[in-house]
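Got your viewer open and a selection tool ready? Let's walk through this model together, one selection at a time.

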Number of protein chains: 2
Amino acid sequence: MKKENTTIDPTTEEKIKNAARVIFTQKGYAAARTRDIAQEAGINIALLNYYFRSKEKLFEIIMLESMQGFIHSISGVLNDEQTSLQEKIQILVSNYIDMLTIQPNLPLFVLSELRSNPQELILKLNFKEKLIHSHFFIQLQQAILEGKIPPIHPLHFIMNIMGMIIFPFVGSPILKNIGDLDENTFNALMQQRKILLPKWIEAMMIVK
Amino acid sequence: MKKENTTIDPTTEEKIKNAARVIFTQKGYAAARTRDIAQEAGINIALLNYYFRSKEKLFEIIMLESMQGFIHSISGVLNDEQTSLQEKIQILVSNYIDMLTIQPNLPLFVLSELRSNPQELILKLNFKEKLIHSHFFIQLQQAILEGKIPPIHPLHFIMNIMGMIIFPFVGSPILKNIGDLDENTFNALMQQRKILLPKWIEAMMIVK
DNA sequence: TAAATATTTAAACAAACGATTAAAATGTTT
DNA sequence: AAACATTTTAATCGTTTGTTTAAATATTTA
């Protein structure tokens with residue numbers, strides 16, 4: 001029988017999942033070895049297959065959970081009917097940057113694997129519907145209708161916001177080199193962006 | 001003796017390099033099989049090692065050439081002393097978007113491999129020095145000194161510009177799904193961005 | 001406690017992989 | 001045409017990799 005998940009000691013199953021998350025996000029699916037994961041988890045290789053049947057099944061679980069966690073974390077913000085468009089952007093930027101500061105490898109991992117694995121996972125998560133029917137998206141379209149924002153495809157703004165948030169983390173090796181930044185200075189810049197990005201986005205949105 | 005590179009038939013060496021470029025950028029280093037490359041090139045597997053000694057050496061050559069080509073293509077723009085900062089951004093955005101429309105897989109490939117392979121390649125290319133001493137960068141710092149642009153770390157602007165250009169291509173599977181876009185509609189949006197991005201960047205740069 | 005079930009381990013298997021070999025084929029020079 | 005060098009091929013080698021097996025240990029059930 002499976003052990004109950006007390007607060008103290010992680011289950012073998014959880015140890016494997018935690019290790020898999022680390023290794024997969026570090027190296028990607030193809031470069032990650034089951035032996036790496038087993039070692040990181042401190043368990044026998046056979047246990048990986050005992051609990052998850054195969055490397056691929058384990059990967060799918062990790063990937064699905066990662067993306068579900070992400071979607072869940074932002075859907076609350078996107079659907080808060082009490083906040084304005086600007087406030088939503090502000091909170092979104094802040095939460096997102098904090099998340100990526102802790103898990104800087106996550107976006108490159110997701111984006112890479114999504115490319116080779118396209119439709120299946122995206123469809124399963126139903127990300128499109130959740131975003132399009134969100135209060136955020138309705139507010140965005142409303143602002144366009146009211147003429148507060150120029151009549152541009154809303155996707156442009158999504159691209160801009162996500163690009164400016166995510167790219168610094170994806171390109172951090174180059175950016176750190178260019179700017180002679182260590183980890184701490186880089187993170188300080190990211191904290192600055194929590195203030196700057198909403199201003200920039202607002203300025204951008206009223207350009208006609 | 002090696003055959004001369006006439007315009008007509010590609011050398012075996014070139015066939016391998018072209019195939020390697022395709023496969024590596026599609027799948028990444030770890031997921032790319034030497035057999036895939038050989039098949040794509042229409043040659044025997046042994047020829048790959050005959051010409052390039054190993055998968056790794058072949059990869060390094062492809063990676064180096066890809067990045068050198070990229071740097072060469074933008075360094076002309078960055079160092080044109082006849083153009084203003086705004087004009088440089090305009091041309092940069094336009095060239096970059098055209099390039100990525102043809103090679104949409106390139107950025108994810110480069111960014112992924114740069115993560116696992118950090119310092120060596122970046123240092124070899126001396127990208128940092130070339131950017132920092134470019135006319136573009138000097139103009140950027142000048143504008144800050146003159147108070148035309150708020151005194152923010154120049155890297156912020158680099159991040160924003162690159163993020164807004166590159167991210168749409170990196171995240172295209174998700175974005176196409178969200179916006180219900182086929183290849184052509186997506187590319188049309190990218191063409192729009194050649195006009196819009198410089199305006200947005202300019203608006204952003206005068207925010208204080 | 002004893003039987004039954006669940007978990008863990010060491011060892012090994014089969015397939016896939018990068019790489020090598022030796023010989024054949026082709027091209028070039030004498 | 002003969003001798004030599006280069007290029008290409010088919011076959012195979014040694015490792016690595018994901019997975020499986022069977023036995024050992026721990027836990028639960030009756």
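Start with the surface near DNA strand D, which by class has 9 nonpolar, 5 polar and 5 charged residues. Here Ala, Val, Leu, Ile, Met, Phe, Trp, Tyr, Cys and Pro count as nonpolar, Asp, Glu, Lys and Arg as charged, and the others, Gly among them, as polar. "Near" asks for a C-beta atom, placed from the backbone, within 6 Å of the strand. Select A:A46, A:S54, A:K55, B:N44 and B:A46: of the 19 residues around DNA strand D, these come nearest. Now colour α3 (45-52) of chain B, which gives the most to this surface, with 4 residues.

A note before moving on: this is a predicted model, where local features need pLDDT of at least 70, side-chain atom pairs count only at pLDDT 80 or more, and totals for chains, interfaces and linings use all residues. Residues are numbered from 1 along each chain as its sequence is written, while chains are lettered from A and ligands numbered from 1 in the order in which they are written.

Next, show both protein chains: 42 residues of chain A are in contact (C-beta atoms, placed from the backbone, within 7 Å) with 41 residues of chain B. On the chain A side, pick α10 (154-170), which contributes the most, 11 residues. That side divides into 28 nonpolar, 10 polar and 4 charged residues.

Finally, select α5 of chain A, residues 85-102. Its buried residues (20 or more other C-beta atoms within 10 Å of their own, all placed from the backbone) include A:L92, A:V93 and A:Y96. Among the elements covering them are α4 and α12 of chain A.

Notes
Contact = placed C-beta atoms within 7 Å. Helix = DSSP H or I, 4+ residues; strand = E, 2+ residues; numbered from the N terminus. Expected span 1.5 Å × (residues − 1). Buried ≥ 20, exposed ≤ 12 C-beta atoms within 10 Å, placed from the backbone.
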